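Please examine the sequence and the three-dimensional structure shown below. The briefing that follows describes them topic by topic.

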Amino acid sequence: MSGLAPAPGEAVVYVDPARRARVRGRARRDALVGMASLLGFVLVVSVIVSSSPGWAAVQETFFNGQEFISTFPGLLDAFWLNVRIFLVAEPLILVIGLLVALARTLQSPIFLPIRVVATLYVDIFRGVPTILVIFLLGFGIPALRLQGMPKDAVFWGTAALVLSYGAYVAEVFRAGIDSVHPSQRMAARSLGLSMFQTNRHVVLPQAVRNVVPPLLNDFISLQKDTALVAVLGPIEVLRRAQIDASSSFNYTPYVGAALIFIALTIPMTRFADWIQSRSRGRRRAGGTS
Amino acid sequence: MTSTILDVRGVWKSFDDHPVLRGIDLEVEAHQAVVLIGASGSGKSTLLRCINGLETVDAGDVILDGDVDVTSFDTDLDIVRRRIGIVFQSYNLFPHMTVLDNIALAPCKVLGRGRAESAEQAKVLLARFGLESKSGEYPDRLSGGQAQRVAIIRALAMEPEIMLFDEITSALDPLLVGEVLDAVRELKAGGLTIVMATHEMTFARDVADQVCFLHDGVVLEQGPPAQIFGEPMQPQTQQFLSRLPH
């Protein structure tokens, strides 16, 4: 109890000191318990792994420091190809995804063929495993020996990734378009905006905003899947690691390749989480934009 | 000298097998305010949506200014909607645009006015309704009353000949109803033709030139507010009015 009655309209925050101490004490204890639990877990796992009968051999084959140092620069070099594949594929995927999603929302009967093609595209490329698409395009099309068709494995590998991911991203965009409440469309049309203007200025900006987190998720997935192009032969990071591993009979290069991917995807994942929590927070707070 | 600006003739509309409008007739004269009253589900909102072509009708005509039939398959509804504005119960502001952009969008894109000119006009309208300080805000930052007034301004910026109001105060905190109704009063005073579905009977009595009682998809009774509220003829009208809190 305190005799401090706040004056009317005065903003006063009052928390009982005893309660505040209790709450702080509990938070400190929770942090300590969490730390101890985590340490214990790590300890148990390391003991189990390092005391396993094959540990010495595994350590030699997968975590060989010498091997790591000698192969890692080559892996990084090869990874540049993965980065380039990603950088070329991602914008194309966004464009295709958006166009296909829009095509599927067309209503006029004259656009039926476009709608059918878009639907078939999504159905097929979402259904076929990405690695199969890479095989089929990478080995199939060059075998046709068509005049003027590129024979480059990187080209067809990238094209396969674009087609496969384009289908996924089209569905993400479509979900985003569906997530815009019909009353927004109605309000826009009631102001005399045409169907096209309504999509362009009212529906799409909101739809794209809604799907940024799932799109980032697909980006992360694509970063990893650039390694699938290895099946066609170009020397990107996985292929490089394969070559290194088979020449020395040591698998450390694989671990090196994995570390490179992780180094890139973890920041991206955190970024996606941050974007997601920020947009959630805004919606809750009724914030701007 | 009065002239009919909007003539609704025998409009029918059903959703699936559920009839909502069953032969509605309604005449609106220029510069008048017509208020639609009636229980929820009596067809007020559907009628308003049929008037500016947001819903297609099953039968009947909606004649705008003696020449354009809104219900005709050949009518360009985008043009009709420039002439008839509508404001909804749920504001439906565009959440990704500032208040100013919400208002300036349609004049800029539909009427082809310049960006600067549309923005200037939006500012003038905001000032007229005491909202000039909100022009840079996003809709989420507005109170319900402010949001609804912005929605009114947005429709007004297209300089429509007729404004439709679809229960625009029904979603508002009671304390905020007044500011929105004052905006409608101001429009009426400015000579705009208004068709308004509402449950605000005091306001209807105050502002309406004609009151229409809708019941089961027809206009059951129509007249000046003094007559409808003072001596309703139809038993259903009497019953509806007697159930309202006074």
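How many helices and how many strands does chain A have? Chain A has ten helices and zero strands, where helices (H or I, at least four residues) and strands (E, at least two) are DSSP runs numbered from the N terminus. This is a predicted model, in which local features need pLDDT of at least 70, side-chain atom pairs count only at pLDDT 80 or more, and totals for chains, interfaces and linings use all residues. Residues are numbered from 1 along each chain as its sequence is written, while chains are lettered from A and ligands numbered from 1 in the order in which they are written.

**Chain A: overall form**

- From the N terminus on, the elements of chain A follow the order α-α-α-α-α-α-α-α-α-α.
- Chain A has a radius of gyration of 27 Å, well over the 19 Å that the globule rule gives for 289 residues, so it is more spread out than a compact globule. The radius of gyration is taken over C-alpha atoms, and the globule rule is 2.2 Å times the number of residues to the power 0.38.
- Taken along the principal axes, the C-alpha atoms of chain A fill a box of roughly 90 × 70 × 25 Å.
- Of the 289 residues in chain A, 26% are buried. A residue is buried if 20 or more other C-beta atoms lie within 10 Å of its own, exposed if 12 or fewer, and partly exposed in between, with C-beta atoms placed from the backbone.
- Among the contacts in chain A with a separation of 6 or more, 74% are between residues 24 or more positions apart. Two residues are in contact if their C-beta atoms, placed from the backbone, lie within 7 Å.

**Chain A: annotated regions**

- The UniProt annotation "transmembrane region", from an unreviewed entry, covers residues 32–58, 78–103, 124–144 and 254–275 of chain A. UniProt positions are given in the numbering used here, feature names are shortened, and annotations may be inferred rather than shown by experiment.
- Residues 78–103 of chain A are 100% helix and 0% strand, and the end C-alpha atoms of this span lie 38 Å apart.
- Residues 254–275 of chain A are likewise 100% helix and 0% strand, with 31 Å between the end C-alpha atoms.

**Chain B: overall form**

- Chain B contains nine helices and ten strands.
- The radius of gyration of chain B is 18 Å, close to the 18 Å that the globule rule gives for 246 residues, so chain B is as compact as a globular protein of that length.
- The C-alpha trace of chain B spans about 55 × 45 × 40 Å along its principal axes.
- In chain B, 49% of the 246 residues count as buried.
- Chain B is divided into domain 1 (4–93 + 160–243) and domain 2 (94–141), with bounds that come from an automatic or database domain assignment.
- The centres of domain 1 of chain B and domain 2 of chain B, taken over C-alpha atoms, are separated by 26 Å.
- UniProt lists residues 6–241 of chain B for "domain: ABC transporter", in an unreviewed entry. This span is 38% helix and 26% strand.

**Chain B: strands β6 and β7**

- In strand β6 (residues 84–87) of chain B, Ile84(B) and Ile86(B) point one way and Gly85(B) and Val87(B) the other way, and all are buried.
- Strand β6(B) runs parallel to strand β7 (residues 162–166) of chain B, and four bridges join them. Two strands pair if DSSP finds at least two bridges between them.
- Leu164(B), in β7(B), is the bridge partner of Ile86(B).

**Chain B: Thr46(B)**

- Thr46(B) lies in helix α1 (residues 44–51) of chain B.
- Thr46(B) is buried, because 24 other C-beta atoms lie within 10 Å.
- Not counting residues up to four places away in sequence, Thr46(B) touches Lys13(B), Val20(B), Leu21(B) and Glu55(B).

**Contact between the chains**

- The contact takes 20 residues from chain A and 21 residues from chain B.
- On the side of chain B that touches chain A, α2 (77–83) and α3 (99–109) of chain B each supply at least two residues.
- That side of chain B consists of ten nonpolar, four polar and seven charged residues. Ala, Val, Leu, Ile, Met, Phe, Trp, Tyr, Cys and Pro count as nonpolar, Asp, Glu, Lys and Arg as charged, and the others, Gly among them, as polar.
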